[in-house]
Amino acid sequence: MNRAEAPSLQPLSALPEISPQTTALSNGTLVHQFNLGEQAYVQLQFVFPAGRIHSDKVLLAELCAELLLAGTSKINAADIAEQLDFYGASVEPGVGDDDATINVYCLSKQLPNVLPLVSSFIDDCIFPQEELDILLSKWKQRFRINLQKSDQQANRLFRKVLFSDKHIYGRLSVLADYDHVDMNALKAFYQKAYVQQAPIIIAAGKLPEDILMLLETHFGKRLAAASANIPYPATATTEPEQAYTYVEKEGAVQSSIRMGRRMPGMGHPDHSALYVLNTILGGYFGSRLMDNIREDKGYTYGIHSSLLMRAAGPYLEISTEVNKEVLEDTMKEIKIEFQRLIDEPVNAEELDTVKNYILGQMLRSVDGALPQGKLFRRLMIYGFDMEHNRRFAREVREVSAGRLQELAAIYLREQDMCTLIVG
Amino acid sequence: MISFERFVLNNGLTLIVHEDASTPMATVNVLYKVGARDESPDKTGFAHLFEHLMFGGSINIPNFDTPLETAGGENNAFTNNDITNYYINLPASNLDTALWLESDRMMSLDFRQEPLDTQKSVVIEEFKEHYINQPYGDLWHKLSDLSYKVHPYRWPTIGLIPEHIEQAKLQDVKDFFFQYYRPNNAVMVVAGGVKTAEVLKKVQYWFGDIPAGPSIERNIPKEPAQTAARFMEVSSDVPVNCLFKSFHMSKRADKAFHASDLLTDILGGGDSARLHQRLVKDNPLFSSINAYVSGTLDEGLFIIDSKLNEEVSFEKAEAALNKELEQLMNESLGERELQKVKNQVEAHNEYNDISVLNRAMNLAFYDCMGDVDYINREVQDYLEVTAPEIQDMAARLFKKENSNTLYYKSEPHF
């Protein structure tokens, strides 16, 4: 045995030809099923056009989703909680920039008990004032704690720095926003974003045989505008406020760095190549940034770059917390890494490693019903599907070092980056 | 039911194989039976530092991550008080790559000063990022110190102070490796799109020639029984007052664990749980309040963790919490409430079995606890717990002499 020699590698297989089984309920509500698995468990995602982009006020989207469980005309919050807990079910709202998804988790056999509850609070939520007050108070506390966490502050402020506060993604909540919320505005948002909308339903797991009948009973009769996709309002383009922002944090032993720029989205012909470029830069453990700033210099516990998809402004974000004493050196090294990608083509070995890493991640992302359902949502909200994902994987395999270098010269120029330092 | 087969190699390595033909991926999970409890009080944080070093290059393989990434794999690891656990997930067709990597670093690391120095810096940055540069960062340091006076659980896994990590020497590292990172001190699980006979053959090939190490004799000082309530007060520049309580409880593998674990669900498992409903909603003294168990191999802790609402005094908040605990000591649970938490256990158990990685990690941990087959029987033990057993357990856990209370006070700078 020669342990110095790596075992030979099998080429990674193509992504399996998986697509959901899609059916429309009688009112047009779409249901996408990923029906497989041995464990008698399901995750249902009810996706609504109720994200931050769909609201004209900060906090409304998040509050509304959370307060769906706060009581209907027939059953109060305590009883809703009691029933869901009794069935071993959990309902978790997830609000993002571009959508709100009500995640329902339970044993398959409990769906007939859980779905009526879910449908009642999607249609008949009454938003009791005391529930709103308690929630606001809790969130205000959390906000005050997060104000003291420089990494949380950096995450929050960077969006304002990159998009400006005139853009939906750059609007930030402030402490005062947690003191009072206009109940009429909240209820109006609920009507517009939930009651009058058909959710797009993604059902994953070992689904009961009568799943469609159950969904038809509880969601098929609603009078609501059904859509295959999430609609998005038009958004004006904005420019970053300034190229460099520094926020001091007294007593900080680390500095939080956030750096980035606006990027093309998933539909752009260069999307797959840009994804590969981002991975090389900072998207995996062996990335240029990790190798340099963590493994070589020990400046940080982690440094990453992400290509974030958004309906009204996809962007690149580099993020790290470093020993404060080496802040300037870190900034210098990040720029050196940009320049290297511009000046030198990536060698064949490194490119092969990155592609295989990405393809491995993609195989994991379709390994099982629940991962498939989650992936599908991320594609669907931007108007894409599983076939697009397979095409993306094929494109990743074909990306050339030459094209990566060209794209680096366009998108990784130091002068186009926006930087925020906290601490 | 998680099906598996268990083998022990000549060098003492335990191998468990779990087949799942529905996935093309394989998971290789290696659990080393060493954690923070095995450290000496002047060299804390070592087990966790060591976890980092395991990625710094082994005797024949200078770079761990690149070959794995090229094979389409991902990996991660964690260290806690009791164990250090490593896992790899990759296409099953490249299983040999994972076995090659894990076996080489079990054989020997490439002990050099340079990677040691780098990882020391990295771990010190981790220390700062999570425990120093954060509000409440030192909470676990304080709570462990309050709860344990003798047992090594009295210091957190990251280490007592960054200086212990800074002082780590190459010889310390080598000694630690050859004592604990041996096949006879490890449990390996291979799970997913694999076939048992083939896995056994491959594992024999890659791991068979690694020599066994000395048998491990743990002489961990036992924590003496607590005989009086303890109290600690800490002030820090944090915005919100927090109240913590811990109570000594059984080991993870004891029968007594289940009643204690169910108590965490009764108190804090979901929005209908007693503490949330009564002390956050009905009588809003707290903005959040949770209960959980540490789940350690040696005697552990039942913990309550809470944030007080503004204008609420610690005394008032604590009194209300104590009243809830006393009610559990004095009154039996109703049937519906007991059934509720059992339904939650059943649902969680089913959910946890979905991911092959979870199954692999759990198989390793159950084996480490002494009985891998228990993974398929434990839920039944939960379902058989009775209301009187829960009441008895509450009486044992929550008595004053068994309580440790920490007031974490907000004292903002101006």
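How many residues of domain 1 of chain A are in contact with how many residues of domain 2 of chain A? The views below start there. This is a predicted model, where local features need pLDDT of at least 70, side-chain atom pairs count only at pLDDT 80 or more, and totals for chains, interfaces and linings use all residues. Residues are numbered from 1 along each chain as its sequence is written, with chains lettered from A and ligands numbered from 1 in the order in which they are written.

**View 1. Domain 1 of chain A meets domain 2 of chain A.** The bounds, from an automatic or database domain assignment, are 21–219 for domain 1 and 244–422 for domain 2. Across the join, 28 residues of domain 1 touch 26 of domain 2, with contact meaning C-beta atoms, placed from the backbone, within 7 Å. Taken over C-alpha atoms, the domain centres sit 29 Å apart.

**View 2. The domain 1 side of that join in chain A.** Strands E2 (30–35), E3 (41–48) and E6 (200–205) and helix H5 (150–163) each bring at least two residues; these are DSSP runs numbered from the N terminus (helices H or I, at least four residues; strands E, at least two). H5(A) gives the largest share, nine residues.

**View 3. Helices H3 and H8 of chain B cross.** The axes of H3 (95–107) and H8 (196–207) come within 9 Å and cross at roughly 35 degrees; axes are lines fitted to C-alpha atoms over the stretch in contact, with angles from 0 to 180 degrees between N-to-C directions. Residues making the contact include Trp100(B) from H3(B) and Trp206(B) from H8(B).

Note on methods
Contact = placed C-beta atoms within 7 Å.
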